[in-house]
Amino acid sequence: STDEAKSTGGAGLASRLSYFLWASMPDAELRQLAQDGRLKQPEVLSAQVERMLNDPRSDAFVLGFLDSWLTLRDLGSTPPDRGDFSAFYHYDLDSAMRKETFLFTRYLIDQNLSITNFLKSDFTFVNRPLARHYGIQPPTKPGFQLVKLSDARRGGLLGQASVLTLTANGIDTSPVVRGVWLLDNILGTPPSPPPPDVEPLDPDIRGAKTIREQLQKHRDSATCNDCHRKIDPLGFALENFDPIGRWRTEYGRQGIIDASGELPGGQRFDNVEGLKTILVERQGQFARALSQKLSAYAIGRHIEPSDRPHIDRILQQLDAQGNGFRDLIRLVVISEPFRLL
């Protein structure tokens, strides 16, 4: 019967919504709305998203999505060297780094702040050890506190030690690794895998004074140049951050760090602050990448060409509403791919 079809379809939507935002089974209210056949109505769905995001159980969404989007689950998979980075272990910076990114994202959701804060922001959350790690004024109270940043190098994801540590190898940094991560997770344009006949860079030269020359030689190959002119400048912008996200100006005794670069479109920058400014100017590209990552996480499959009109509609509505991250989550839920899966 029609009522049975409504109930069955609604039950699937209730489960999908609950596992997306709570990582658990639907509660009584969701089940009742599904049984009544009302859950598929956009205004009802929107109200449920609000209710569920206000519930502490939605912390499961924040943690799960950050693991998926930023590959935060990989933090610690290549542990920093205990001799060179003892502070990482002594002050439990691994946990502090994760918590900063979690609290930062949670705050964007709770306050419905613009997604451009992921690119560039004037605040973050730190405890005393993490503040010392960053070289900023520690909070006056124990535990994590919201702090205003006067240092533009730290604002946004690209200044957070979680991202900077997970994109290093535990010993040193690689502009290629960080550049690839940026292209994939921030710009939504992952590079193609290198051809099988291309010799990899010798890892012994990572972080060395001649890293630019080494990569320049690598780019002399026509098969390598197209990808590396997109990858390398992004990675060099982050070279002032060491393998656990501390600021540095030189590679020990091996020379001054040059964090400047030029993007394929001709836009030049001198350092990470300049890159962030360019990324904010191109926030439409970031919004699309984030919307696709969030939609894929929500529906549990890769985004396909047939999804593009729905992503376009989400982006149009998001821009009109002020680009709030909470709004983006709601728009993904009321989109056809999620509602009618």
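F65 and W69 are both buried. They also pair up in this predicted model, with their rings stacked at 5.5 Å centre to centre and 20° between the planes. Both sit in helix α4, four residues apart, which means about one helical turn separates F65 from W69.

W69 has another partner. With F118, W69 makes an edge-to-face pair, 5.0 Å centre to centre and with 85° between the planes. This one ties together distant parts of the chain: W69 belongs to helix α4, while F118 lies in the loop between α6 and β1 (123-126), 49 residues away. W69 and F118 are both buried. Across the whole structure, a search turns up 17 aromatic pairs.

## How α4 packs on α6

Helix α4 (residues 59-69) also packs against helix α6 (residues 93-111), with the axes 10 Å apart and at an angle of about 120°. The two helices are therefore oblique to each other, and their crossing is right-handed.

On the α4 side, the contact is made by D59, F61, V62, L63 and L66; on the α6 side, T101, F102, T105, R106 and I109 meet them. Sorted by type, the contact residues come out as six nonpolar, two polar and two charged.

## Out on a loop: K141

K141 sits in the loop between α7 (128-134) and β2 (145-148). Is K141 buried or exposed? Its relative accessibility is 53%, and exposed means over 50%, so K141 counts as exposed. K141 and N127 are 14 residues apart in sequence, and their C-alpha atoms are 8.5 Å apart in space.

Methods: Residues numbered from 1 in each chain as written. Predicted model: local features only at pLDDT ≥ 70, side-chain atom pairs only at ≥ 80, totals over all residues. Heavy atoms only, no water. Axes fitted to C-alpha atoms, helices over the stretch in contact; angles between N-to-C directions. Parallel < 35°, antiparallel > 145°, perpendicular 65-115°, else oblique. Left-handed = near helix turned anticlockwise from the far one by under 90°. Contact = heavy atoms within 4.5 Å. Nonpolar A, V, L, I, M, F, W, Y, C, P; charged D, E, K, R; others polar. Buried < 20%, exposed > 50% of the residue type's maximum accessible area, 1.4 Å probe, protein only. Phe/Tyr/Trp six-rings, centres within 6.5 Å; stacked < 30°, edge-to-face > 60°.
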